[in-house]
Amino acid sequence: MTVALPDLAATAALGAAIAGQLDRGDAVLLKGDLGSGKTTLARAILSALGVDETVPSPTFTLVQTYETPRFPVSHYDLYRLKRPSELDELGLDEALDDGAALIEWPERAEDRLPPNALTVHLLTDRERRATLAGPARWRSLETTHV
Ligand SMILES: Nc1ncnc2c1ncn2[C@@H]1O[C@H](COP(=O)(O)OP(=O)(O)O)[C@@H](O)[C@H]1O
Ligand SMILES: [Mg+2]
């Protein structure tokens, strides 16, 4: 499934659609080059979940956890991960027991990520867009919100 993201409003709508389906235990893998809009989409998802504080890019902390009315959501940026096993120290398993995780640069720890994740690939080569892939229950995104 491909979603056009011509402007920030389109990213906000996609973020709201993902937030509406997000459950405890879910991981959303945000792939794409630097500047493709991964952090912007993570912010849109968090905002739709009711997070009204500033959401910095977790470039140096690698993970930042937010309380939401439904469950905590951990926002990861694995760009600076030194080795995949470092992800264990960052508490991904616990984060997914407690709530959901949004993960930028999942390629850094591919073999340690849940197989049932929603993968969102952000592309900017022609017009900005996202391709979505994941378990069947995410397919209703198209008809419900986007
Ligand atoms: N759908 C969009 N339309 C226009 N600009 C966007 C869109 N999504 C993101 N941007 C802009 O692209 C820039 C990089 O976004 P960012 O989310 O930081 O990328 P990444 O986390 O992938 O490096 C920001 O200035 C952001 O405002
Ligand atoms: Mg980013």
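Start by selecting Trp105, which lies in the loop between S5 and strand S6 (118–123). Keep in mind throughout that this is a predicted model. Check the backbone torsions here: Trp105 has a positive phi of about 55 degrees, although it is not a glycine. Is Trp105 buried or exposed? With a relative accessible area of 14%, Trp105 is buried, because the cut-off for that class is under 20%.

Now step to the metal. Select ligand 2, the magnesium ion, and show its protein donors: Thr39 through OG1 and Glu104 through OE, at 2.1 to 2.3 Å. This pair links distant parts of the chain, since Thr39 belongs to helix H2 (residues 38–48) and Glu104 to strand S5 (residues 100–104), 65 residues apart. Colour by accessibility, and both Thr39 and Glu104 come out as buried.

A polar side-chain atom of Thr39 lies 2.9 Å from an oxygen atom of ligand 1.

- Gly35 places a backbone N or O atom 2.8 Å from an oxygen atom of ligand 1.
- Asp7 has a polar backbone atom 3.0 Å from a nitrogen atom of ligand 1.

On its own, ligand 1 has 570 Å² of accessible area, and the protein covers 69% of that.

Next, select the shell around ligand 1. Which of its 15 residues come nearest? They are Thr11, Gly35, Lys38, Thr39 and Thr40. Helix H1 (8–21) and H2 each supply at least two residues of this shell, and H2 gives the most, with three.

Move on to Leu62, in the loop between H2 and strand S3 (63–66). Here is another backbone to inspect: Leu62 has a positive phi of about 70 degrees and is not a glycine. Leu62 counts as buried, at 7% relative accessibility.

Finish at Pro84, which you will find in the loop between strand S4 (73–77) and helix H3 (86–89). Why does Pro84 count as partly exposed? Its relative accessible area is 31%, and that class lies between the 20% and 50% cut-offs.

Definitions and conventions. Residues are numbered from 1 along each chain as its sequence is written. Chains are lettered from A and ligands numbered from 1 in the order in which they are written. This is a predicted model: local features need pLDDT of at least 70, side-chain atom pairs count only at pLDDT 80 or more; totals for chains, interfaces and linings use all residues. Side-chain values use heavy atoms; hydrogens and water are left out. Donors are N, O and S atoms within 2.8 Å of the metal (3.2 Å for Na, K and Ca); water is not among the atoms, so sites may look incomplete. Helices (H or I, at least four residues) and strands (E, at least two) are DSSP runs, numbered from the N terminus. Buried means under 20% relative accessible area, exposed over 50%, partly exposed in between (1.4 Å probe, protein chains only). A residue is near a molecule or strand if one of its heavy atoms lies within 4 Å of it. A polar contact is a pair of N or O atoms within 3.5 Å; within protein, one must be able to donate a hydrogen and the other to accept it, and residues adjacent in sequence count only if both atoms are side-chain atoms. Accessible areas come from the Shrake-Rupley method with a 1.4 Å probe; for residues, only the protein chains shown count as cover.
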